[in-house]
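Let's take a friendly tour of a protein model. Have a look at the sequence and the 3D view, and then read on topic by topic.

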Amino acid sequence: MPAIRIGIVGMGAAGWGFLPAIRGNDGFQLVAIAEPGTEMREAVAAETGVPVHPDLQSMLEQPGLDAVYVATPTELHPEHVAQVCAARKHVLTEKPMAIRVEQARAMVEAATRAGVVLQVGHSHSYDMPIRRMREIVAGGTLGRVRMIHTWNFTDWMARPRRPAELDIGQGGGVTYRQGAHQIDILRLIGGGLVKSVRATTFDWDESRRSIGAHTILLNFADGTAATAVYNGYGHFSGTELTSGIGEWGLAEVAGKRAAPAVAPTPEQELEAKRKRAKNAIPASAPHQPHFGLTLASCERGDIRQSPDGLLVYSKNGREEIALPADKSPRALVLEEFADAIAGKPVTHTGRWGLANLEVCTAAIESSRTGKEIELVHQVAVA
Ligand SMILES: NC(=O)c1ccc[n+]([C@@H]2O[C@H](COP(=O)([O-])OP(=O)(O)OC[C@H]3O[C@@H](n4cnc5c(N)ncnc54)[C@H](O)[C@@H]3O)[C@@H](O)[C@H]2O)c1
């Protein structure tokens with residue numbers, strides 16, 4: 001099989017974060033990049049040696065491109081995915097795939113019409129412990145899964161942000177940006193088919209308006225109940241609940257807060273974000289990634305993460321399952337992307353991403369209206 005020749009559009013934290021995974025997979029060859037920021041273009045050209053274009057269209061005109069990873073801001077995903085599909089290239093787009101469900105539906109249709117793969121990732125449901133939890137639940141040895149909880153407490157709201165990242169109308173705030181991971185985790189473990197959503201979202205910091213926290217209740221079609229709790233205000237760190245291990249599998253210092261004493265200007269925030277981009281997402285880590293605490297309760301036992309795998313609590317007592325840490329979650333995303341391009345059935349399709357987005361938008365709508373929202377776009381795990 002010849003290597004899949006891939007390009008990246010958008011070199012922020014997400015774009016830089018994928019470089020090691022692409023380099024580490026012989027099935028892929030990085031052949032082009034598109035990035036409008038001049039300084040960033042120079043930095044990435046020096047780092048990769050591939051042609052770096054000022055915009056997506058000129059990258060799509062470069063001969064010999066098979067696939068594109070869309071790592072631009074969320075509000076641009078619909079337009080960029082449509083462009084890539086029109087050029088008949090396979091597309092891997094970052095989460096959340098869009099802001100509105102209709103946009104996601106149009107993206108799925110565009111990929112279907114063009115006959116190309118549309119995949120949504122990275123998300124923390126690719127993390128090895130979450131995948132193994134799903135396998136245990138699906139294997140049935142612990143009986144049916146009945147409750148799943150994923151709780152995270154971070155300083156997301158206190159880190160440098162572009163204004164759009166805080167604007168709900170542009171896919172900002174923690175429910176879109178971080179809830180997308182949590183919903184993907186819950187849907188993967190629970191099998192995918194969520195019936196309805198009830199949620200309350202919060203905006204309690206006057207100095208930084210956005211959705212900074214939420215509590216979401218998911219009711220699955222089979223009666224499983226799940227909660228996604230997120231607090232991004234940075235006072236308490238969820239790593240205190242996860243043996244000190246953070247989102248990328250590194251030991252973190254509890255109690256640190258990213259917020260500077262004096263609020264930065266938007267220009268300073270942008271500059272800080274650019275500086276942080278290259279190293280924001282590490283390529284490897286000694287422990288399993290922990291996107292907060294995830295706990296699944298089955299009829300005959302419970303499962304949660306340990307620093308290096310899973311802990312299973314059942315009639316046999318507490319047993320630990322060690323999991324390999326040699327592949328990063330992004331390496332696993334690329335493996336699934338290659339499988340999808342080879343025609344194998346995979347989970348994180350455009351339809352799956354659309355179903356995740358439906359839950360996120362329903363949570364925001366539920367909080368606004370005070371009502372439970374019934375869902376219509378859910379799909380099961382492949
Ligand atoms: N899966 C994860 O863990 C993860 C982590 C971070 C971000 N993300 C997602 O990745 C996306 C990007 O987030 P980020 O934090 O990297 O953003 P960012 O703002 O740091 O970077 C976006 C990059 O896209 C470039 N860009 C802007 N407009 C463009 C255009 N028209 N054409 C080409 N490039 C353009 C910008 O110059 C910038 O370099 C978001 O959807 C976000 O939700 C996912």
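A residue is called near a molecule or strand if its C-beta atom, placed from the backbone, lies within 6 Å of it. With that in mind, 27 residues surround the ligand, and the closest are G10, G12, A14, T74 and E94. Please keep in mind that this is a predicted model: local features need pLDDT of at least 70, side-chain atom pairs count only at pLDDT 80 or more, and totals for chains, interfaces and linings use all residues. Residues are numbered from 1 along each chain as its sequence is written.

**Around the ligand**

- Two elements give two or more residues to the shell around the ligand, namely α1 (13-23) and α10 (266-277); helices (H or I, at least four residues) and strands (E, at least two) are DSSP runs, numbered from the N terminus.
- By type, the shell holds 12 nonpolar, eight polar and seven charged residues. Here Ala, Val, Leu, Ile, Met, Phe, Trp, Tyr, Cys and Pro count as nonpolar, Asp, Glu, Lys and Arg as charged, and the others, Gly among them, as polar.

- The chain is divided into domain 1 (4-123 + 329-349) and domain 2 (125-325 + 359-374), with bounds that come from an automatic or database domain assignment.
- Taken over C-alpha atoms, the centres of domain 1 and domain 2 are separated by 24 Å.
- Domain 1 puts 21 residues into the contact, and domain 2 puts in 21 residues; two residues are in contact if their C-beta atoms, placed from the backbone, lie within 7 Å.
- On the side of domain 1 that touches domain 2, α1 and α11 (329-341) each supply at least two residues.
- The largest share of that side, four residues, comes from α1.
- That side of domain 1 divides into 11 nonpolar, seven polar and three charged residues.

**The chain as a whole**

- In total, the chain has 12 helices and 15 strands.
- Its C-alpha trace spans about 60 × 55 × 40 Å along the principal axes.
- A compact globule of 382 residues would have a radius of gyration near 21 Å, and the chain agrees with this because its value is 20 Å. The radius of gyration is taken over C-alpha atoms, and the globule rule is 2.2 Å times the number of residues to the power 0.38.
- Of the 382 residues in the chain, 48% are buried. A residue is buried if 20 or more other C-beta atoms lie within 10 Å of its own, exposed if 12 or fewer, and partly exposed in between, with C-beta atoms placed from the backbone.
- Take the contacts between residues at least 6 apart in sequence: 71% of them join residues at least 24 apart.

- Helix α12 (residues 350-369) has 20 residues and should span 28 Å at 1.5 Å a residue; its end C-alpha atoms are 28 Å apart, which agrees. The expected span is 1.5 Å times one less than the number of residues.
- In α12, 17 of the 20 residues are buried, so the helix is mostly covered.

- Most residues other than glycine have a negative phi, and most peptide bonds are trans.
- R88 follows α4 and has a positive phi near 60°; R88 is exposed, with 11 other C-beta atoms within 10 Å.
- S243, in the loop between β10 (225-231) and α10, has a positive phi of about 55° although it is not a glycine.
- Is S243 buried or partly exposed? With 13 other C-beta atoms within 10 Å, S243 is partly exposed.
- A cis peptide bond with omega of about -20° joins K95 and P96, and P96 sits in the loop between β5 (90-93) and α5 (101-114).
- Another cis peptide bond runs from G121 to H122, with omega near 5°; H122 lies in the loop between β6 (118-120) and α6 (128-139).
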